[in-house]
Amino acid sequence: MSAPVLDIRGLAFAYPDGHQALFGVDLHVHRGERVALLGPNGAGKTTLVLHLNGILTAGAGSVSVSGLPVESGNHLEIRRRVGIVFQDPDDQLFMPTVRDDVAFGPANLGLRGAELDARVESALAAVGMSEFADRAPHHLSFGQRRRVAIATVLAMEPEILVLDEPSSNLDPTTRRELAELIQSLDVTLLMVTHDLAFALQLCERAVILSDGIVAADGPTRAILEDADLLGRHRLELPWGFSG
Amino acid sequence: MGGQLGDHLHVEGDSPVHRLPAHVKLIGLVVFVLLVVALPRDAHLARAATLAVAVIVVALTRVPVRHVLSRLVVETPFVVFAVVLPFVATGPRTTIGPVTVSRPGLEAGLALLVTATTSVLMAVAFATTTSSRDLVRALQHLHVPDRLVQILAFMVRYLGVVGSQAQRMKVARESRGFAPRSVRSWPVIATSAGALFIRSYERGERVHLAMMSRGYTGRMPVTDPLRATPTQWGHGLLPGALALVTLVAVVVS
Ligand SMILES: Nc1ncnc2c1ncn2[C@@H]1O[C@H](COP(=O)(O)OP(=O)(O)O)[C@@H](O)[C@H]1O
Ligand SMILES: [Mg+2]
């Protein structure tokens, strides 16, 4: 088997204020997999995500992306390979127009002209937002902004797409449309969420991160059927569901 | 959450002024205003001529008159000053109807009013025909320091976000029975302002993380450089050239 797209070994991290958020995380994600990263608030999910492209530097352990270790010399290449979509699209969309925002990443990679335009067009088409290219991000609805946020990362053609709580703050219809969009993307996916139904719909494999370690790793359905396991890690299916 | 900086000023359109590249317009505006301000105080005819030039440019933008008028409010302080001047200034007196005013004061007031109106009209012609995006590109093109350009761009983008956050905090305060009536309510307002500042600061940090995650290394990429033909430069600098001609005429005569 080829090198996993994502290879995390013994990753530990403490914030400068001394708060230790990760205590030795091991996780491998292979090409084409869709993995849900489940965990209650404060479990360290976002902290883990920030290690995947070198924003945070591991205190111990290592992260590699398709064989390339995440370290200060190769951040740009790592950031091309790992596309992170943050939780709040207002943090992700900072340019005056949707088009400029989607172009920001590939432009940082050195693309210009027709090649850049093509990237922007295809990323916007992939999320169904082509006709909004010239609008200002703050004139879009929340759901539209989340789509554009995904496009900004798709435009970099990452090897793995990482979504941090993509279904938070969405109404049911927008949430369903987003699920359809994610389903339609042909990428390796790591999706952080505590929306268990969303995870079941989109990911065949799930990992529970709890108190800074991987507490379970297996088929999503099997994990969601284990009520004890979920209960121990402060995860709950919506009322009325029974695994 | 309406009322965005920039959006408020810009009016979509397809006039000759709209079509000029933003950096050309910006240079044209600065040159024109500097020359207008440089006119000697008693050059009334020349000053009227520059006002006419500004009015023509505004007419060329085809922006509705009421938009232009509503944007002239920034001129109010000058108007007040111009009205006060004839009364407070010294020198020979002159009589207009029932009042006697200072003659140099009256002239200075009029000159100030016309200069301010001319400059503001030209600035409005620029602002209504230039999107905030193009303004940012123009500043970038003119090598204004990257930091300043980014501050401006982020202000345009996040003013609404911060504004609506402030609004939500106000609603939250008032929903819990807070009414800002006396000095005693000031600490509450100060605390809210502090909280707003911290939230904005944290937002800034998160935006920075998101930028770095997409390969940002400290310089905004220029993806779409502005370009102007000599003809466009000619058009953009025409008002400035006319102002220069009047200035030279005044100085020579
Ligand atoms: N900048 C920070 N400084 C100190 N502690 C932090 C910081 N960010 C997060 N933490 C703490 O680290 C833990 C994990 O946070 P986070 O990764 O954001 O959790 P999750 O995304 O799973 O909700 C939490 O206890 C949180 O309070
Ligand atoms: Mg989080």
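Thr46(A) reaches ligand 1 through its side chain, with one of its N or O atoms 2.7 Å from a ligand oxygen.

| Side chain | Ligand 1 atom | Distance |
|---|---|---|
| Thr46(A) | oxygen | 2.7 Å |
| His19(A) | oxygen | 3.1 Å |
| Tyr15(A) | nitrogen | 3.4 Å |

On its own, ligand 1 has 560 Å² of accessible area, and the protein covers 64% of that (Shrake-Rupley method with a 1.4 Å probe; for residues, only the protein chains shown count as cover).

Before going on, a word on the model: it is predicted, local features need pLDDT of at least 70, side-chain atom pairs count only at pLDDT 80 or more, and totals for chains, interfaces and linings use all residues. Residues are numbered from 1 along each chain as its sequence is written, chains are lettered from A and ligands numbered from 1 in the order in which they are written, and side-chain values use heavy atoms, with hydrogens and water left out.

Back to the ligand. The shell includes Asp17(A), Pro40(A), Gly44(A) and Lys45(A), where a residue is near if one of its heavy atoms lies within 4 Å. By type, the shell has 4 nonpolar, 6 polar and 2 charged residues (Ala, Val, Leu, Ile, Met, Phe, Trp, Tyr, Cys and Pro are nonpolar; Asp, Glu, Lys and Arg charged; the others, Gly among them, polar). Helix H1 of chain A, residues 45–51, gives the most, with 3 residues (helices, H or I, at least four residues, and strands, E, at least two, are DSSP runs numbered from the N terminus).

Elsewhere in chain A, Glu159(A) sits in the loop between helix H6 (142–154) and strand E7 (160–164). Its side chain makes a polar contact of 2.4 Å with that of Ser66(A).

Now the partner chain. The contact takes 29 residues from chain A and 24 from chain B (contact means heavy atoms within 4.5 Å). About 2500 Å² is buried between the two chains, with carbon and sulfur atoms giving 57% (buried area is the accessible area, 1.4 Å probe, that two parts lose on being put together, summed over both). On the chain A side, Asp91(A), Phe94(A) and His138(A) lose the most area, together 27% of what that side buries.

Conventions
Polar contact = N/O pair within 3.5 Å; in protein donor to acceptor, adjacent residues only side chain to side chain.
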